[in-house]
Amino acid sequence: MNNIFVYCEITEEKTVADVSMELLSKARKLADELKVKVEAMVVGQVDEKPLQELFAYGVDCINYADDTRLFPYQTLPHFAIVTKLIKEKQPQIVLFGATSVGRDLAPRVASYLRCGLTADCTSLEIGDHEDKKAGVVYRNLLYQIRPAFGGNIIATIINPETKPQMATVREGVMKKELYNTEYKGEINKLNVANYVSDNDFCIQILEREIEQQKINIKGAQIIVCGGYGMASVKDGFKLIYQLAEVLGGEVGATRAAVDAGLAEHERQVGQTGVTVRPKLYIACGVSGAVQHRAGMAESSKIISINTDIAAPINAISDYTITGDAGEILPKLIAHYKSNTK
Amino acid sequence: MSFRIVVLAKQVPDTRNVGKDAMKEDGTVNRAALPAIFNPEDLNALEMALEIKDRLEDVIVSVITMGPSRAAEIIRDSIYRGADNGIVVSDRKVAGSDTLATSYTISQAIKKLGNVDLVLCGRQAIDGDTAQVGPQVAEKLNMPQITYAEEVVAVNETAIQIKRRLERGIEVVESKFPCLITVHGSANPCRFPHAKRVMKYKYAISASEAAEIGIDTAKLWQQKPYLKIEEWNAADIQAEDSRLGLTGSPTKVKKIENVVLTAKESVKLSASDEDLDGLIKELITAHIIG
């Protein structure tokens, strides 16, 4: 009892989404610390192979609601199953991916259960909390850690009084790690009719067009990232693309650059975008707000190109080049070409 | 009976323009240094409400906001743009609310309004980016929810078809009323204030705003009742105190840390050819590029 639950998302290909496996990996570590079990909630049909593969992430029990009506995702039926299952099994922690599905489902579940929910956590830890005024010590709470308020602060959020403690986490923030390829758990097949009613299917899906993911910078080994500073550089993002191309890398962007229409949302690096860990990260005209750094600080080598010598990004960079990116990027391209001839 | 739409709006600090004085010496947020604006996606939601008002007969659009008395500013702005009226839910008891306490408070206000057919709100507010209040209000009102709406495909008095913007595509769904819709920033931008409406409503004021500047509104409101911006407190919306503000918020902030950068030993380079050529050579030798 009081295990850790992960809501697993199902992809168009009837597999379990990467973000869910990342969360299972994290849940396993937290569960080892708390000496409890990890349970997955799989709502909708998944092929047998990806379902069995979940065990290798250290899953002790898969609660499986296998019904064709449960895919594509709809709020109310998934809400009905998840809330009923949580009431039955009383987990102490429930994790969701901060995807369009997780961010639709988790708040409604938290509202119904009247428990706390922290969005877009960048770190999860276990720790105690002492309420000195009330003279109470709470043991083994989930520390839900996230940047807040324009990224000037990092907040640690706790839910001392209510259970379960719930959090959403963006894709790529936690590492997907196999726990033990021999690990075996059980599958708890739910009798779906006991969990959902016909009324839960009151919204009709009339049309659906889901594209294959075209841009995926998560796995790129080299990322050239443009910030809002590139807006004032002539052909700024064109230069970013050129450097990325000659180096065989991908283009990333900050939120400010994406909001300004300089790059697609899929390229956004940071707390509300993608978290990346490339071997080389070149930040051009990036000031380095904490939300951005949360998504790239674990890059092996960081080069910062900035006119502002005091830009926060410089503090975490291995190399800082002070100057105008409009001048430096063409030079880098030229020197790369002459050195690799 | 009129078709009633409620738009949920929030006045937020403009975190997109955080200046150097946004933080005080002690590491707390200097709210006074940040301009207060109409949360951008709530404006998309207001536009969607006004589009539905254009398409159906006899629609009333009311805007509800929770916040201090100055939040009446966004009610006036909404009315200039075409909303019929608005309500500020304001009470010391709601200070420090997390999303759960906020959604409870707002749902109580919607219940007081009564007979609401459609609730519209922005997907998320820029000061927290949590995107939680919409779905939570839907749960409290026991309404189905449609999140990330981009476009009204079709609407009549009983049902609505919405195009949703998802991570990798779109979905068109249909729901009967009542329901709650959260609106994505890719939806139509809000129409501008209408000059005639600005003229008519520029003296619209709430009771606490009037008290702050010390004017007597009794006569004004008697002659022109449309100039009164309603203000409701916790008692007006029959809220249980235990579910409001800090007390009603299960999430607690344990710790706030200022962001301190642990500086790496970084190599400082200039834009000279010599430095840049040296850098490229180093990266190639280290097999990082090549």
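Reply: Strand β8 (residues 153–158) of chain A is joined to strand β13 (residues 252–258) of chain B by 6 bridges. The two strands run antiparallel. Strands pair when DSSP finds at least two bridges between them. One place to look is A:Ile154, which stands opposite B:Glu257 in β13(B). Strands here are DSSP runs (E, at least two residues), and helices are runs of H or I of at least four residues, all numbered from the N terminus.

A word on the ground rules. This is a predicted model, in which local features need pLDDT of at least 70 and side-chain atom pairs count only at pLDDT 80 or more, while totals for chains, interfaces and linings use all residues. Residues are numbered from 1 along each chain as its sequence is written, chains are lettered from A and ligands numbered from 1 in the order written, and side-chain values use heavy atoms, with hydrogens and water left out.

Now the whole interface. In total, 78 residues of chain A are in contact with 75 residues of chain B. Contact means heavy atoms within 4.5 Å. The size of an interface is often given as the accessible area lost when the parts come together. Between them, chain A and chain B bury about 6700 Å². Carbon and sulfur atoms give 57% of that. Buried area is the accessible area (1.4 Å probe) that two parts lose on being put together, summed over both.

Next, the polar side of it. Chain A and chain B share 37 residue pairs in polar contact, with both residues at pLDDT 80 or more. A polar contact is a pair of N or O atoms within 3.5 Å; within protein, one must be able to donate a hydrogen and the other to accept it, and residues adjacent in sequence count only if both atoms are side-chain atoms. On chain A, the side that touches chain B holds 35 nonpolar, 24 polar and 19 charged residues. Nonpolar covers Ala, Val, Leu, Ile, Met, Phe, Trp, Tyr, Cys and Pro; charged covers Asp, Glu, Lys and Arg; the others, Gly among them, are polar.

The rule finds 2 salt bridges across this interface. A salt bridge needs a side-chain nitrogen of Lys or Arg within 4 Å of a carboxyl oxygen of Asp or Glu. B:Glu171 and A:Arg208 form such a bridge, at 3.0 Å from N to O.

Stay with A:Arg208. Its side chain also meets A:Glu12 in a salt bridge, again given as 3.0 Å, N to O. A:Glu12 lies in the loop between β1 (4–8) and α1 (18–34) of chain A, and A:Arg208 lies in strand β11 (residues 204–210), so the pair ties together parts that are 196 residues apart in sequence. A:Lys14 lies in that β1–α1 loop of chain A too. A:Lys14 has a positive phi of about 60°, although it is not a glycine.

Other loops hold cis peptide bonds. In chain B, the bond from B:Phe177 to B:Pro178 is cis, with omega near -5°. B:Pro178 is in the loop between β9 (169–176) and β10 (179–183) of chain B. In chain A, a cis bond joins A:Phe71 and A:Pro72, with omega about -5°. A:Pro72 sits in the loop between β3 (61–65) and α3 (75–89) of chain A.
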